[in-house]
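Biologist: Hi! Could you walk me through this one while I have it open?
Modeller: Happy to, just ask away.

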Amino acid sequence: MEELRVLSVCGNLGYGFPEESLENGISGDPHFMGADNGSTDAGPYYLGSGDQLTKREQILRDLGYSLAAARKKGIPYIIGSAGTAGGNPHLDSVLDVMHELARRDGHRFRLAVIRSELDKAFVKKAVREGRTRPLGRLSDLTEETVDESIRIVGQMGLDPFIRALEGGADVILAGRSCDTAIYTSYAAMKGFDLGLAFHMAKIIECGAQCALPIGANDCILGTLRKDHFILEPMNRGKKVTPNSVAAHMMYEQPDPYLFYEPEGTIDLKESEFNQIDDRRVEVRGSRFIPAEKPTLKLEGVRLRGYRTIAVAGMTDPVLLASLDDVEERVKSTVADMLRGSLRPDSYDLRFIFYGRDGVMGRTEPNSSKTSHEVGIVMEVIAGDQKTANAVLSLARSTFLHCGFEGRKATAGNLAFPFSPSDFEGGPVYEFHVYHLMELEDAGAPFEVEFTQVG
């Protein structure tokens, strides 16, 4: 096989894409097509709750068009990180849509389902054997940490996808996946250079986000050859440039020259980016360095509590200059009023000031330069919803009437855009398992289940 053509449907299935771009991509005669459907970008809530970031109606639309295109063309279609977080409830939700579309549109295909939720006993065995280590500043993984997890998923690499393809799958629906595995597995199976294959996959897993004008919700075609790959957006109104393609490696990456996968490291220090016409770019020189021992990234969440928030605005310049003082007074007053009924460590009270440092927090370099009006988000997280509601109500009323130096008006300090002002946020989850697990075979935890659809 001298050339492998890969169609990426979009950056996240459910975000939408132009039908014309999909048609252009199919006319490019791809060998297979793929779509990513998840990420940790949206935070820990989805892994804990089992809900999806993209809603059923969005998946129905995007999967409807793309599945029909793949079946008409007769090429494999690979979908990874199903339903945002890739756990069992997420995968089952997308699977339900897929069966509905098969009934509606008369599709018949061999389906491979690859689940990524891990048994806690399996993870605890790795902990006992010293085969886990944290990513970032988390503590070492313990068996107690594993037990308090709502669910834990493993981010699968190439092997399960290759087994599914070798088993004759027309469609692959996988749980939590490395984004690159969706697009590199077929290339690895066919013996293409893994440095180039992984690099191309790292770019096209975001759809046409590397194209200009920028937008992830569009299709892109990657053509992989022996010593280079070519990228071409399928929207005729878009193009790629050496700068736009090279710059994509700064997206979600701590190092634009290196990125890491379960199978090894991809070194881009010698990569070359060349404009070959007004819309396409060719890339050469990317290298793959095999890992000494494969690793599997674990993602797990625990229930932290329940959230209530209120949103308000302020424009009094004297108040805006006194926000730090008012914040401390409110927190102190709330603690005093709750003394005897709630311990200070039984709730978290937080104020976010938009227009001052709401985005960057205390690292904001210009926090002394306050806008003429500031929005405030008041947040309480407590062990149950009722307590969160009560503490937020107390904090909101205290802030509304809190005094400060230079205050003249006796009216409230805050303007509320909504009535009621307080909103229940429901359960709050936090990542507490974000670790690597060493394995002899990183694909071993993932079983491939084949079924006939239609």
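Modeller: Before we start, helices here are DSSP runs of H or I with at least four residues, numbered from the N terminus. Also keep in mind that this is a predicted model.
Biologist: Thanks! Which helix is Ser185 in?
Modeller: Ser185 belongs to helix H8, which covers residues 179–189.
Biologist: And is Ser185 buried or exposed?
Modeller: Buried: its relative accessibility is 0%, and the cut-off for buried is under 20%.
Biologist: What does the side chain of Ser185 reach?
Modeller: The backbone oxygen of Ala181, at 3.1 Å.
Biologist: Which residues is Ser185 in contact with, leaving aside neighbours within four places in sequence?
Modeller: Ile78, Leu158, Phe161, Ile162 and Leu165.
Biologist: Now H8 as a whole. How many of its residues are buried?
Modeller: Nine of the eleven, so H8 is largely enclosed by the rest of the structure. The buried ones are Asp179, Thr180, Ala181, Ile182, Tyr183, Thr184, Ser185, Tyr186 and Ala187.
Biologist: What comes just after H8?
Modeller: Look at Gly191 there, which takes a positive phi of about 85°.
Biologist: Nice. One more, then: where does Arg5 lie?
Modeller: In strand S1, residues 4–8.
Biologist: Is Arg5 buried or exposed?
Modeller: Buried, because its relative accessible area is 17% and the limit is under 20%.
Biologist: What does the side chain of Arg5 reach?
Modeller: It gets to the backbone oxygen of Gly28, at 3.4 Å.
Biologist: Which residues does Arg5 touch, not counting those up to four places away in sequence?
Modeller: Gly28 is on that list, along with Asp29, Pro30, His31 and Phe32. Leu221, Gly222 and Thr223 are touched by Arg5 as well.
Biologist: Great, thanks for the tour!

Note on methods:
Residues are numbered from 1 along each chain as its sequence is written. This is a predicted model: local features need pLDDT of at least 70, side-chain atom pairs count only at pLDDT 80 or more; totals for chains, interfaces and linings use all residues. Side-chain values use heavy atoms; hydrogens and water are left out. Helices (H or I, at least four residues) and strands (E, at least two) are DSSP runs, numbered from the N terminus. Buried means under 20% relative accessible area, exposed over 50%, partly exposed in between (1.4 Å probe, protein chains only). A polar contact is a pair of N or O atoms within 3.5 Å; within protein, one must be able to donate a hydrogen and the other to accept it, and residues adjacent in sequence count only if both atoms are side-chain atoms. Contact means heavy atoms within 4.5 Å.
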